[in-house]
Amino acid sequence: MKYIPILCTILFLAALMAMRPVDILSDTGVTLRDVRQGALDNLNEESYFFFNSTSAMRSIAKRIPENTRGAAVRTLGKFVKAYVESEEFKEEYRQSLKQKYPLDETYSDAVVAQREQEVGGMDAAISQQMALIQQTYAQLDPAILQMSIKAQLSQQEAQLATLEGEERAAKARELAELKKILAATEGKPAEFKKQFIAYHSRLLKQGSGQHKNQQQKELDYAKERNAQYKQQKAVLDAHTDFRPVLRKRLKSFIALCDDVDFNAQLRPAGRKQEFIHPEYQRKPAEWKFLYRLGKTPVMEARAFAQEWLANLK
């Protein structure tokens, strides 16, 4: 794999697409998705941009007539530029940044707002539930209600044996109070119904209050974590604008183009060729890549990069 500036990537893809774009993409396995992903990968690199070429791509590129390469570079450059400036790319770029700048949205503003709404509406929900229960009990025959509660008592005592700790103690207190009501209203179904509804309402209100307190604690915790979310989001937002990075890449590419000596001489070195000038041998891979592409397409890419830089807002 080789690391090369973004305009080098454009150059190479342009050579592939110049003659028959769709056919060549299919034949070589390069897709528009590869181009899109390449733009994301390249902008996420700190200094250089990544592009992986296959031997088939290089073979086809060599067969492209030299007099068509400049036009192909500009055409593909416009395509890449349009994509990079699209809303789709901006969102994809932001999402890709989350690998470097994580954003835990578990306690986002939207989540906290939803929880606040739920806690704020609990009193009304509790009142509505209590009114519904009272309405349901009001329709029951007092004698049948009293008989039904007595029948359920043994079942609740059996359930008590399966509980432990505070839960068992709370259930025991409830049953003790219920037995007290049953004993005090023996033979008085109407009075039993009145006291039982009041007893059940107290239990419901108590349980709902405990639930509300727990929900409030969770909301307070969510608000604390939301402060961390805001900090993470601020960091991510600060890096979402990729234009400073793109501006830096374009300037670096222009400087690289100016540095390449297209008149440099080569000499045989085994199966390969090497630069006669020792200094050129030490040049980075992207410098040599541009040299191999040739002056015409590289200068066209440089001109396009200069125009893009000048119009970059």
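This is a predicted model: local features need pLDDT of at least 70, side-chain atom pairs count only at pLDDT 80 or more; totals for chains, interfaces and linings use all residues.

Student: OK, at what angle do helix 9 and helix 10 cross?

Tutor: Roughly 155°, and the axes of helix 9 (residues 142-160) and helix 10 (residues 165-184) come within 11 Å. Helices here are DSSP runs (H or I, at least four residues) numbered from the N terminus. Axes are lines fitted to C-alpha atoms over the stretch in contact, and angles run from 0 to 180 degrees between N-to-C directions.

Student: So are those two roughly parallel or antiparallel?

Tutor: Helix 9 and helix 10 are roughly antiparallel, a label for angles over 145 degrees.

Student: Which residues of helix 9 and helix 10 make the contact?

Tutor: Among them are Ile149, Leu153 and Leu160 of helix 9, and Ala172, Leu175 and Leu182 of helix 10. Contact means heavy atoms within 4.5 Å.

Student: And what does helix 3 meet in helix 5?

Tutor: Leu32, Val35, Arg36 and Ala39 in helix 3 touch Phe79, Val80, Tyr83 and Val84 in helix 5. The angle between helix 3 (residues 32-44) and helix 5 (residues 66-84) is about 60°, with axes 11 Å apart.

Student: Switching topic: what lines the second largest cavity?

Tutor: Asp104, Tyr107, Arg225, Gln228, Tyr229 and Gln232. A cavity is a set of points on a 1 Å grid over the protein atoms alone where a 1.4 Å probe fits but cannot get out, and lining residues have an atom within 4 Å of a point.

Note on methods: Residues are numbered from 1 along each chain as its sequence is written. Side-chain values use heavy atoms; hydrogens and water are left out. On a 1 Å grid over the protein atoms alone, a cavity is a set of points where a 1.4 Å probe fits but cannot get out, and a pocket is an open set with protein on both sides within 12 Å along at least five of seven lines; lining residues have an atom within 4 Å of a point. Angles under 35 degrees count as roughly parallel, over 145 as roughly antiparallel, 65 to 115 as roughly perpendicular and the rest as oblique.
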